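I would like each term to come with its cut-offs.

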Number of protein chains: 2
Amino acid sequence: MTYSYEQLRDFTFGMLTKIGCPEDHAKTATEVLLSADLRGVDSHGVARLSGYVRLWEKGRINATPNIKVTYETPSTAVVDGDGGLGLVVAPFAMQVAIEKAKVAGTGWVSVKNSNHYGIAGYHAMKAVEHDMIGISLTNASPLVSPTFSKERLLGTNPISVAIPADKQPPFVADMATTTAANGKLEILQRKGLDTPTGWVQDKEGNPTTSANGVKDGGALLPLGGDREHGSHKGYALGSIVDIFSAVLSGANYGPWVPPFVAFLEPDPNPVGKGIGHFFGAMRVDAFRPADEFKSHMDNWISRFRGAKPTPGNEKVLIPGDPERELEAVRMKEGIPLLEPVVKDLTELGERFGVKF
Amino acid sequence: MTYSYEQLRDFTFGMLTKIGCPEDHAKTATEVLLSADLRGVDSHGVARLSGYVRLWEKGRINATPNIKVTYETPSTAVVDGDGGLGLVVAPFAMQVAIEKAKVAGTGWVSVKNSNHYGIAGYHAMKAVEHDMIGISLTNASPLVSPTFSKERLLGTNPISVAIPADKQPPFVADMATTTAANGKLEILQRKGLDTPTGWVQDKEGNPTTSANGVKDGGALLPLGGDREHGSHKGYALGSIVDIFSAVLSGANYGPWVPPFVAFLEPDPNPVGKGIGHFFGAMRVDAFRPADEFKSHMDNWISRFRGAKPTPGNEKVLIPGDPERELEAVRMKEGIPLLEPVVKDLTELGERFGVKF
């Protein structure tokens, strides 16, 4: 079942205003959420809308937050999201980073008291419009076990970095710091297939290839999979994301990060407020003239894209290529939704009197 | 064969002054180089000394560089290393980042016209002494193939991030963005053993477990190993390091990075000057009071170190634990060197009249 961008946009906007979001907030949040559907990160798009609404119903998301800067220096700030949608808090914080960079060369913003912020890449790409490099990190509910740990202590804690070019489209990396994202497990579960090695461990902490491993109390594994394949590096990256996002800002970190799902309660003894994000913006002309930088980026991209491919592969991709190509297709041909998502959104719409 | 820290320090200092380094430069470079030997990154310590000397003999390292800031904003700078030893250029640039951070909250320095800078972690840790988070990146000679590429286009491009704590020792991540470092291949070669999967591809671009794969014209693989295990993420990370280090500064990037070994000539048509580094320093009290931050870091570290381990493993490690423990041992009991390294240093000393 395929829906046009406009259909999903209008429904999402309708739902968000229905739960009390001011119109400007609802507009921003809708754009962020839908960018996931357009770019093929289906698990972070409208499929999550009813999850956000359930958190609001439980009083765990504030539809009318007073988002503000609580501390700052020339190149840094801390933002308190007042329990708002991460989809609204994150664009506010990224804008603060961009404004700092205009004056100080770079801007770095750590955010507390927020919620899930959609896809990391959306926020990083905002900086590119200003000839800046954008960086976007967030922590998330614990689903990942550090190397040698039986316990889940980290989220999938993504890293996104977006870098402007001239004639070439921008370089946009957007990756979970795990071997595979949770969304890929769900696809394998539906098909009844096993995972490759290095994706999952079971609840005893042993490697498994069961796509139900995480559901059954196990954990996702850090990028690398096991020690021999460098999982200590994925673990370190996920940890850095957690610390920049939450220990710097005063949000919850590690196993204390509140769950996204409304049926699980947050830890009764939190170490901070809500979940945390971290944003960076670096003006490229704070280092060298922007046209020089961008023309060398074009050269970098052309050289890598033109590299001789390995047997059986057509070409070398630049980070961001697949998502950008899919975005163009889906904007034109529509966004496919899975049946359970359609059912979920239909029920949600009926419950709140918003037509899906 | 084991040598005391003092023996190796005095020899290294003697050699560096012999080739014309000013005493303060030689002292700094010695400290940086030896920190690799102390921390167990043997491939980046005194084992490289004769390599640096051969580059100097070829006129590719300047022993008396005029290192300077060529461009700056309140939170950024570009440093021109004037072809000096990276072991001297990098500490200069990190100090610029720290001074910027004192005033602007953070400091970010991209470096061109440099050479190999030793271990990434040494430079990141410098910031910790000032209650700052330190970041250290560098590009390097191309040995790594991007996902789907037959060609080597990236170096092992490490990422180091050092974060201060209070009673706990600092968190220090220091990792190549490949599945395994080149040094590990050399150990397997000597033992005549194969590598695990996901470390290396052969010169045709096919996966191999030959420890000679890179020597024979193949390549190291980005962290993840193959697409199914997330190698596109390791490739993206290595690319980000390359772009921050060299496209921002005006150094050589990708396949144009000059080789470390003197018997290979640099590209006759370079796209920039020398190799590039990137450093960051963020004052933790540019976000929240330093004592608050550091006490939460203690809590973070204790919780992770105390996590229940997986079967067969004793405990969960914090990034930096193994290197710090080894440093204490080697400072006391001495630094073991392999026979070929001893032979190489002995010959080097004889050639220059410096006693090893």
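S75(B) sits in the loop between β2 (68-73) and β3 (76-80) of chain B, where helices (H or I, at least four residues) and strands (E, at least two) are DSSP runs numbered from the N terminus. The model is a predicted one, in which local features need pLDDT of at least 70 and side-chain atom pairs count only at pLDDT 80 or more, while totals for chains, interfaces and linings use all residues. Residues are numbered from 1 along each chain as its sequence is written, chains are lettered from A and ligands numbered from 1 in the order in which they are written, and side-chain values use heavy atoms, with hydrogens and water left out.

With a relative accessibility of 0%, S75(B) counts as buried; buried means under 20% relative accessible area, exposed over 50%, and partly exposed in between, with a 1.4 Å probe and protein chains only.

In it, 92 residues of chain A are in contact with 92 residues of chain B, and the area buried between the two chains is about 7,300 Å², with carbon and sulfur atoms giving 68% of it. F148(A), K233(A) and F287(A) supply 11% of the area that chain A buries against chain B, more than any other three residues; buried area is the accessible area (1.4 Å probe) that two parts lose on being put together, summed over both.

Across this interface the rule finds 34 residue pairs in polar contact, both residues being at pLDDT 80 or more. On the side of chain A that touches chain B, helix α7 (residues 231-247) of chain A gives the most, with 12 residues. The residues of that side divide into 51 nonpolar, 27 polar and 14 charged, where Ala, Val, Leu, Ile, Met, Phe, Trp, Tyr, Cys and Pro count as nonpolar, Asp, Glu, Lys and Arg as charged, and the others, Gly among them, as polar.

In chain B, 16 of the 17 residues of α7(B) are buried, so this helix is largely enclosed by the rest of the structure. At 1.5 Å a residue, the 17 residues of α7(B) (residues 231-247) should span 24 Å, and the end C-alpha atoms are 23 Å apart, which agrees; the expected span is 1.5 Å times one less than the number of residues.

Side chains of opposite charge can pair when their charged atoms come close. The count of salt bridges between chain A and chain B is two, and over all chains it comes to 33, a salt bridge being a side-chain nitrogen of Lys or Arg within 4 Å of a carboxyl oxygen of Asp or Glu. The side chains of E151(A) and R303(B) meet in a salt bridge at 2.7 Å, N to O.

Within chain A, E99(A) and K102(A) form a salt bridge at 3.2 Å, N to O; both lie in helix α4 (residues 86-104) of chain A, three residues apart, about one turn of the helix. E99(A) is partly exposed at 38% relative accessibility, and K102(A) is partly exposed at 41%.

In chain B, the side chains of E327(B) and R39(B) meet in a salt bridge at 3.2 Å, N to O. This pair links distant parts of the chain, with E327(B) in helix α9 (residues 321-333) and R39(B) in helix α2 (residues 23-39) of chain B, 288 residues apart. E327(B) counts as partly exposed at 27% relative accessibility, whereas R39(B) is buried at 9%.

Notes:
Contact = heavy atoms within 4.5 Å. Polar contact = N/O pair within 3.5 Å; in protein donor to acceptor, adjacent residues only side chain to side chain.
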